[in-house]
Amino acid sequence: MSQATTQTRYPTYASLDFPAFETYIRAFWERERIFEQSLERRAHAPAFTFYEGPPSANGQPGIHHVMARTIKDIFCRYQTLKGRLVHRKAGWDTHGLPVELQVEKSLGITKKDIGTTISIADYNAACRRDVLQFKDRWDELTRLMGYWLDLDHPYITFENDYIESVWHLLKRLWDKGLLYQGYTIQPYSPAAGTGLSSHELNLPGCYREVKDTSCTAQFERSDAPGEYFLAWTTTPWTLPANAALAVGASIDYALVDTYNPYTHRRIRVWLAQDRLPAYFSAEAADLDLPAYQAGDKRIPWRIVETKRGEELAGLRYAQLLPYVQPEGDAFRVIVGDFVTTDDGTGIVHIAPTFGADDLRVARQQGIPAITVPAPDGSPMPLVDRQGRFVEQVTDFAGRYVKNYTDDPDYQSVDVDICILLKKENKAFRVEKYEHNYPHCWRTDKPILYYPLDSWFIRTTAYRERMVELNRTIRWKPESTGTGRFGQWLENLVDWNLSRSRYWGVPLPVWMNEDRTESKCIGSVAELRAELERAVGLGLMPENPLQEGRDFDLHRPYVDEWILADSQGQPMRREPDLIDVWFDSGAMPFAQWHYPFENEDIFRRSFPADFIAEGVDQTRGWFFTLHAIAVLLEDSVAFRTVIANGLVLDKHGNKMSKRLGNAVDPFETIQTYGADPTRWYMIENAPPWENLKFNIDSIGEVQRKFFGTLFNTYAFFALYANIDDFVFDDQNTVPYASRPELDRWIVSKLHSLIEAVDGYYSDYDPTRAARAIQEFTIDQLSNWYVRLARRRFWKGEMTPDKQSAYETLYECLLVVAQLMSPIAPFFAEWLYKNLTDGLREAARPHDSALALPSVHLSDWTPVDQSVRDAELEARMELAQNICSLVRSLRKRTRLNIRQPLQRILIPLTAHITRQRLEAVADLIRSEVNIKAIETATGDEGMFVRQVKPNFRTLGPKMGAKMKAAAAAIAALDAAALRKLEAAGRYPLQVEGETYEITREDVEIRTEDVPGWATASEGSLTVALDTTLTDELRAEGLARELVNRIQNLRKDLGFEVTDRIAIEMGFRPEWQNALAQFGVYIQHETLAERLDTVEGLTSDQQIEIEGVTSPIQLHLVR
RNA sequence: GGGUGUGUAGCUCAGGUGGUUAGAGCGCAACACUGAUAAUGUUGAGGUCCCAGGUUCGAGUCCUGGCAUACCCA
């Protein structure tokens, strides 16, 4: 039941049904517009800016989205409590490959159908329709899980306004000279004449075993003729394009004196030491070098020198095949992180035009590519787009590097190049090599890695600044910022912006036919004006953007818009789309349609104070936000970021629909409730760790934490209603005059507020949740309520009872607020239960209680004056003593109901008489002991043991530690007394005297002869187990109270009902009844307690084998 | 192959700056307690702190090198 069972000031409930009360709370929020109110209340407060990373709504949300969104929600709610204005605008990412693939799947088409069987217009219309198909499900999850977000005014990346803002950013990059056309190495099929996506390369069957001619080439050192670097390649056709050699920095290389096997000339060659066995036989190592004759089977060799790769870096060599000269500083040895000694020579041939690693490392180290001018003057590689060598490679001009034309007489270029190298003393070994190589799925021909034109953002120009500004960002966890992100930034390459696709933001660049003029468009107005001019020149029949007309900035429309260059000649748009990641990275600007609208809002909300997404966004959204902000605003885009880990299944495996281990968030929330789900996810592990999601653990959180808190409230409500307790925050019992126990929990409460505030402000929600949970379960419920409950039970309202009520009420109210960022529903439910019945009375005072929602409240300030570390310490001592007494009672089989005469506690530096006296009453009643006695070591009644305190002795003793420890263990009782009395003692260690102090040893009581003893650390408790007749009688009385209370409960009496008791006469019990009858009556609210001979009754009670009939009557 | 995490009880996790008996919860077993409790208390079983070296009087903690696993990038 979530409905209150009675109309009372503090509603009471039979049980706790999470989905039901969450539905009730959600309806309340929506009806009363609490989210909107939480913004309105802070309308003039300083802003705390949060950016929502836009999800793609073309798929169902998963449980990991609940994780990410809980984190976001927590800090937005916390900052609102702290008095900030926190706008949260929803957003949707709508472009990109996943949408395209999904549409192709649902339409049953492939990319090559686009433009033939389906028009680009229809295709894009399908994408637009599909991409938000699950938006309703996402919105539903957002509501169900209690994530507060402005869902009514989202930014959507496919809208014209959004695209216009993106264009404006691109134009600013253009104006700064940061947008340029260049090339990257991409898989390319010469036979098909097209580039292939990585997705196409992963189609089954693309990688095949092939035999190629591999070549280990000799590159001659410029400053040491006769000395060569050996480099191995499976693509000899790339050797004319060689521009550098790469070595591993920490790999060891050997210089070997030997002979070339083809020319038989004496040479010295460099290769990795680990690769020697692959090139030289062990038997030949000792052969006499000068004795070698051409044709000898074994070629002698000898190591003459070794160096590490980093020492070789910078050495120069002569170009291997000098057909084309580069412009720049080529033919150097450089360091590459990809170099291994798994195969080859440990030295890698670098052809920047034909390898992705090659190009990357060449760009980093300033190695030029070997290119020739294309007909249009731009540089092109030594192989053309059909896969043929260009004419400048004279020996092989016009020949296909692989057999792309199915020519039956095809002669391998690789083989011919190797023959040439052999002749010129440039090949050390040539052999067939079998390996996996990707093939084009359309033509079955091997692909080439080939430079293809793309548009780039020159991010490298701002690399240093990006690194520098990154250091000012607070990363959670820090390692993601310094490591994964920071180190990557330091090795940043230019951002390839181009995508050859259909559904996305078109690159707003127009070029004339001979590519001598280009224009970048930065707004609709600018484009409209350009089109107007084109219309005037007769290049366009009419202006598609003229005022009042609907238009779409996507393909294919934008492709049809022709502009004019300075000569009036047509300019066409570059066909590329831009990387979708630019879309989302542009959201700080584009979500407000800046700069065309909302300039003020943008300025106020940039940069963000906080963002949070999965760690997989590090090089995605986190990077694009950062890059755009640094390049255009010289600013970070966010000050704090939480990069959360993955949600795995309970075995630590990745969740996937295919494996069937994915958890449905809707089902989880409907079964367990949003709050237990949220709490579990946050409490279980820090968000930046991967979460092993175990759904059973949510049930545990529900029972343990929420159940305990519910019961604590239920206890309060039960008695507060009976006593008609009204919390009046204008008039409470001063803390100073509250009892010890109350002051203790209030002190703990304010320590908790400070701790939780610190954790939230440090973006560590897990520690916050754990602290709240520990306080609620261990301190508030299991100690405070347990010890204080008798104060609520009996009699009229006294200052003591008033204090108990107020203290418990305050604790519950503050806990509701502290937990509200993580568990917004339960916190609200608790807050409303505590305050709804007081609302009207609070209004005139305009006090905090007048607020209808905990989410509208202001963070409770820590009251340092009520904190008392000494009080907290001695209560902890009391808790430990009680724990030891319970342990002793267990061991001696004397249960708590049996009163015992006394316990004895040896005093120590920390366990003082003063401390014990302050908490003695609590201990006595909690463990049912009549007296607490104390003693010092002087009486000699304890058996004591002394242990060295290594922490303090360590610095003093150093290497003599072991001897000192032995000397201390050997101290006798007299020595200990001397140490305790004087506070210091001269200790003999290996002939030297060291003065040790009390702090340097730990004196523990081992045993108290004649008593039952138990110890924990330096705390020892001894229990007197002597039972007197009086103690027995009192124990029996307590047993009777227990049986009668249980019976009352079984019979369904209310806690306030008064009764009359009749029971049979039992001689064993008479003494107890005579002495403690009044006590029994008092405890059981009995007006009368009579023994009746020969009583018969359905009810029986039993104590230690003695049974008796009993009857309880309700007294009116 | 590179980068970054993680590795502690059957499970989920704590264990500032090194200190000698490594903790909690869950689960399991037993016994208690309960007029708020769906709880709780006590006791017990359960650990090569991933491995190997090193530094140190002393390493779960620091260093080096591995192994396993996850993510990102090649």
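**Stop 1: a parallel strand pair**

Select strand β29 (residues 900-906) and β30: six bridges pair them in the parallel sense. Strands pair here if DSSP finds at least two bridges between them. Helices (H or I, at least four residues) and strands (E, at least two) are DSSP runs, numbered from the N terminus.

Before going on, note that this is a predicted model, where local features need pLDDT of at least 70, side-chain atom pairs count only at pLDDT 80 or more, and totals for chains, interfaces and linings use all residues. Residues are numbered from 1 along each chain as its sequence is written, chains are lettered from A and ligands numbered from 1 in the order in which they are written, and side-chain values use heavy atoms, with hydrogens and water left out.

Pick Leu 900. Its bridge partner in β30 is Ile 929.

Now show the whole sheet. It is open, with four strands in the order β30-β29-β36-β35 and mixed pairing. β30 (929-935) and β35 (1012-1016) are the edge strands; each has a single partner strand, so one side of each lacks a neighbour in the sheet. From one strand to the next, the twist averages 20°. Angles run from 0 to 180 degrees between N-to-C directions, with axes as lines fitted to C-alpha atoms, for helices over the stretch in contact.

Contact means heavy atoms within 4.5 Å.

**Stop 2: the RNA**

Next, show polar side chains. A polar contact is a pair of N or O atoms within 3.5 Å; within protein, one must be able to donate a hydrogen and the other to accept it, and residues adjacent in sequence count only if both atoms are side-chain atoms.

- Gln 487: a side-chain N or O atom is 3.0 Å from a sugar or linking oxygen of RNA strand B.
- Arg 789: a side-chain N or O atom is 3.4 Å from a phosphate oxygen of RNA strand B.
- Ser 883: a polar side-chain atom lies 3.2 Å from a phosphate oxygen of RNA strand B.

**Stop 3: Asp 73**

Go to helix α3 (residues 63-81) and pick Asp 73. Is Asp 73 buried or exposed? Asp 73 is buried, at 0% relative accessible area. Buried means under 20%, exposed over 50%, partly exposed in between (1.4 Å probe, protein chains only). Its side chain makes a polar contact with the side chain of Arg 678, at 2.8 Å.

**Stop 4: the nonpolar core**

Select Phe 716 and Met 819. Of the 142 residues in the largest nonpolar core, these two touch the most other members. Helix α25 (residues 765-793) gives the most to this core: 13 residues. Such a core is a set of buried Ala, Val, Leu, Ile, Met, Phe, Trp, Tyr and Cys residues joined through side-chain atoms within 4.5 Å.

**Stop 5: another sheet**

Finish with the open sheet β38-β37-β40-β39, four strands with mixed pairing. β39 and strand β40 (residues 1106-1115) run antiparallel, joined by five bridges. Helix α35 (residues 1067-1084) lies across β37, β38, β39 and β40.
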